[in-house]
Amino acid sequence: MAETTYFPRPLILATALVSGVLLALAVHMLGARFGLDLGGLWRSDAGELMPASAALAWWLTATVGFCGGYFTARVMHDAVSGRIPPRVRQFLVAVGVLVLAGAGQAASAPTPIPTFSGVLAGLAALSLGAAMAFCGTHFALRKT
């Protein structure tokens with residue numbers, strides 16, 4: 001019986017990190033289109049508490065980054081051994097392409113967010129997505 005082969009761990013780590021970051025940025029761009037702005041924390045126009053939309057945007061971006069890294073690492077680890085049917089892989093690729101295409105379409109339209117606040121929010125989404133994708137990848141690879 002042939003021994004099961006797997007992708008090298010650094011390849012899985014790098015791919016899962018990139019996937020998690022891209023999905024977190026896509027959700028950030030789509031969320032900004034629907035009024036979920038990460039930059040709501042830096043607004044000084046009102047002396048009230050942080051808006052719920054900003055908190056939801058932070059949690060949503062973090063969750064998608066973590067889940068994107070985790071599931072990408074699990075799929076890559078299981079895909080080489082043949083434990084994932086080809087139809088499931090094709091479905092996951094199609095969903096990823098649709099999410100990224102939607103984010104590209106949302107990013108191409110004019111934004112209601114001021115430029116400096118948008119840049120800070122984008123950098124925050126990038127950092128948050130990278131950190132959470134790394135955590136998700138670490139937990140996925142720790143079980144193997």
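Rings of Phe, Tyr and Trp, the last represented by its six-membered ring, are taken as a pair if their centres lie within 6.5 Å. In this predicted model, that rule gives a count of three aromatic pairs.

Phe66 and Tyr70 form one of these pairs, with the two rings stacked, while Tyr70 and Phe71 form a pair of the edge-to-face kind. The values for the two pairs are set out below.

| Aromatic pair | Centre to centre | Angle between planes | Arrangement |
|---|---|---|---|
| Phe66 and Tyr70 | 6.5 Å | 5° | stacked |
| Tyr70 and Phe71 | 5.3 Å | 80° | edge-to-face |

Ring pairs also bring in Phe139, so that Phe66, Tyr70, Phe71 and Phe139 are linked into a cluster. Within helix H2, which covers residues 52–79, Phe66 and Tyr70 are placed four residues apart, or about one turn of the helix. Phe66 has a relative accessibility of 24% and therefore counts as partly exposed, whereas Phe71, because its relative accessible area is 52%, is exposed.

The buried residues of H1 are Ile12, Ala16, Ser19, Gly20, Val21, Ala24, Leu25, Ala26, Val27, His28, Gly31 and Ala32. Just after H1 comes Gly35, which adopts a positive phi of about 90°.

Methods
Residues numbered from 1 in each chain as written. Predicted model: local features only at pLDDT ≥ 70, side-chain atom pairs only at ≥ 80, totals over all residues. Heavy atoms only, no water. Buried < 20%, exposed > 50% of the residue type's maximum accessible area, 1.4 Å probe, protein only. Helix = DSSP H or I, 4+ residues; strand = E, 2+ residues; numbered from the N terminus. Phe/Tyr/Trp six-rings, centres within 6.5 Å; stacked < 30°, edge-to-face > 60°.
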